[in-house]
Amino acid sequence: MQKLGKNLGGYHGETIDIRAVLGDVKAAAPAHGWDSEVFHKINDLDLFAFHRKSEAKNPKPPAARIYISAGIHGDEPAGPLAALKLIQVNRWPENAEIFLLPCLNPVGFTLNQRTNADSIDLNRDYRDPQAAETRAHIAWLERQPQFDLYLCLHEDWESHGFYLYEQNPDNKISFAEKMIEAVKKVCPIDPSEIIEDRPAQNGIIRPNISPHERPLWPEALWLITQKSRQGYTLEAPSDFPLATRVDALVAAVNVALNF
Ligand SMILES: [Zn+2]
């Protein structure tokens, strides 16, 4: 599979109608047992959180709590489409509680730009939040229980294939290699030894981070310091066909769901 060669200096591939995509999410979710909450509104666009309880009766061990977010960058359409596909396919572990936020930056999608309308990169705004979207998201997060796992769905317009970041400070059983194996069947993996200025191996970046030395926090740093002890930022390569990127993100998420 070859790169499309469209992304010269930024994302120039297919775009989505975010209102239509979120309309489809809203239509599909209740039929599959999801509760939804609008936790912020910007003009006529809603920021949604969807929640799905464990179906296990008297679960032992307790249900795993898994958090999945997408659409924080408005030029990365595969994330919200992957969230929609996951809801439509409706294949979830019986003993898991899922928190799914399909689009954290809907205004960015209406502009096909990474940032929100005020040119704030929301994924650098979690240490000292300035944007209304980030503040509302953190306020929502603070009302939730701890998560066993977080998954942040992204795309990278420059990459040569799929890659991921792992945060796993307690050395729990890693999903990283299995995710790469699963994604490899549907999408190329970025073979680069340096990705985004960090050492990478077979599409896996395990960054050495000192959150308190970093002035600008992505969502994942907030999550790993406040809410979870393991998580993955999944990066689909956006110079490949959109359907391939959606399949790549869904394949990686399914590994985390133990399928
Ligand atoms: Zn991104």
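Biologist: How many nonpolar, polar and charged residues does the lining of the second largest pocket have?

Modeller: Heads-up, it's a predicted model: local features need pLDDT of at least 70, side-chain atom pairs 80 or more, while totals for chains, interfaces and linings use all residues. Residues are numbered from 1 along each chain as its sequence is written, and side-chain values use heavy atoms, without hydrogens or water. A pocket is an open set of points on a 1 Å grid over the protein atoms alone where a 1.4 Å probe fits, with protein on both sides within 12 Å along at least five of seven lines; lining residues have an atom within 4 Å of a point. With Ala, Val, Leu, Ile, Met, Phe, Trp, Tyr, Cys and Pro as nonpolar, Asp, Glu, Lys and Arg as charged, and the others as polar, the lining comes to 9 nonpolar, 3 polar and 2 charged.

Biologist: Which residues are closest to the centre of the largest pocket?

Modeller: That pocket's volume is about 530 Å³. Out of 26 lining residues, the closest are Asn123, Arg124, Tyr165, Glu196 and Glu235.

Biologist: Which element gives the largest share of that lining?

Modeller: Among DSSP runs (helices H or I, at least four residues; strands E, at least two), S5, S6, H6 and S10 each supply at least two residues. The largest share, 4 residues, comes from S5.

Biologist: How many residues of H6 are buried?

Modeller: Buried means under 20% relative accessible area with a 1.4 Å probe, protein chains only, and Trp222 is one of the buried ones. H6 is largely enclosed by the rest of the structure because the buried count, out of 8, is 6.

Technical notes: Grid points are joined across faces, edges and corners, and a volume is the space filled by probe spheres set on the points. Buried means under 20% relative accessible area, exposed over 50%, partly exposed in between (1.4 Å probe, protein chains only).
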